Amino acid sequence: MKGLVIKNTGSWYLVKTDEGNLVECKIKGNFRLKGIRSTNPVAVGDYVQIILNQERTAFISEIEDRKNYIIRRASNLSKQSHILAANLDQCMLVVTISRPETSTIFIDRFLASAEAYRIPVKLVFNKIDIYTEDELRYLEALVHLYTTIGYPCFKVSAKQEEGIATLKEELKERVTLFSGHSGVGKSTLINAILPDAAAKTGEISSYHLKGMHTTTFSEMFPVPGNGYIIDTPGIKGFGTFDMEEEEVSHYFREIFQASADCRYGNCTHRHEPGCAVRKAVEQHLISESRYTSYLNMLEDKEEGKYRTGF
């Protein structure tokens, strides 16, 4: 029996069969994916084969080949990855300028990981109704930066439902992963798009202005126009996984483009003479924030923070 994994609680999976039935499934203890050392071998968005035993317990017996997937370093096990979702058409990274602030380093890490797995990303700047004039100017600068690089940007207010109609059009006929820090309003945004989804929402902790986790597992919701939204738990950091040091620059579009003019083919864009990337940064053709994010990811590799899988 074939089906689509639409929910993952960590201990069991909810599978929607081709016949439209919902079946709670387990995986057998020795079930592992070849080539991926992961905390969750089965992810929301996976197409799977399931079997029912004589006790009417359902087990996932096989995962069909994935079109793609996106992973991050598992929060507690540096040698393992955590698969956020599989078989995606796009990601929407929900960003807030403040309350809580989403750093450009976090945005760039997410973008680089999505580039590595060839998944298009769109940036959704939420809470535009609460920002000060200075914050709105900063917002416009970020929108200009990322639009110029080639990442579509949307300015929305989930609470005021401003910009929601435009987002709905972007979701049609696509499987879309929603991600972002806790507290950026992902669940409120999904509720505005799909009032029937009833995704949980939570108040921002006034003490540290960080979001309190309200989504504790990944779940898939159908949207009008033959699409799906995948809601994921809020993530504090984005540890990249399984990237070699020399590959990191490949996932920063403008750095990779400029690197074609570097004197040395193996230039790391840090100290080598004749580096076209550093020259472009000096000339403000590459933003300092993006270059800083690139260096930050290289430092991770040097320190061995995020070990590659084996």
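This is a short tour of the structure above, stop by stop, with something to select at each one.

Before you click around, know that this is a predicted model, in which local features need pLDDT of at least 70 and side-chain atom pairs count only at pLDDT 80 or more, while totals for chains, interfaces and linings use all residues. Residues are numbered from 1 along each chain as its sequence is written, and side-chain values use heavy atoms, with hydrogens and water left out.

**Whole view**

Start with the cartoon: the protein has seven helices and 13 strands. Helices (H or I, at least four residues) and strands (E, at least two) are DSSP runs, numbered from the N terminus. Of the 310 residues, 52% are buried, where buried means under 20% relative accessible area, exposed over 50% and partly exposed in between (1.4 Å probe, protein chains only). Take the contacts (heavy atoms within 4.5 Å) between residues at least 6 apart in sequence: 65% of them join residues at least 24 apart.

Select residues 47-52 and 58-63. These are S4 and S5, which run antiparallel and are joined by five bridges; strands count as paired if DSSP finds at least two bridges between them. Glutamine 49 stands opposite glutamate 62 in S5. The two strands make a hairpin with five residues between them, and arginine 56 in the turn has a positive phi of about 65°.

Most residues other than glycine have a negative phi, and most peptide bonds are trans. With that in mind, go to the loop between S7 and S8, where you'll find asparagine 87. Its phi is near 55°, a positive value in a residue other than glycine, and asparagine 87 counts as buried at 11% relative accessibility.

Next, pick arginine 99, in the loop between S8 and H1. Arginine 99 isn't a glycine either, yet has a positive phi of about 55°; with a relative accessible area of 31%, arginine 99 is partly exposed. Look at the peptide bond from arginine 99 to proline 100: it is cis, with omega near -5°.

**Helix H4**

Select residues 186-193. Is this helix mostly covered or mostly open? Mostly covered: six of the eight residues in H4 are buried, among them Leu189, Ile190 and Ile193. The buried residues of H4 pack against several elements, including helix H3 (164-171), strand S11 (175-179) and strand S12 (218-223).

**A cavity**

Rolling a probe the size of a water molecule over the atoms shows where empty space is left. A cavity is a set of points, on a 1 Å grid over the protein atoms alone, where a 1.4 Å probe fits but cannot get out, and lining residues have an atom within 4 Å of a point. The count comes to one cavity of 30 Å³ or more.

The whole structure has zero disulfides, a disulfide being a pair of cysteine sulfur atoms within 2.5 Å. For cysteine 267, the nearest cysteine sulfur is that of cysteine 275, 3.8 Å away. Cysteine 267 counts as buried at 10% relative accessibility, and cysteine 275 is buried with a relative accessible area of 8%.

Terms used. On a 1 Å grid over the protein atoms alone, a cavity is a set of points where a 1.4 Å probe fits but cannot get out, and a pocket is an open set with protein on both sides within 12 Å along at least five of seven lines; lining residues have an atom within 4 Å of a point. Grid points are joined across faces, edges and corners, and a volume is the space filled by probe spheres set on the points.
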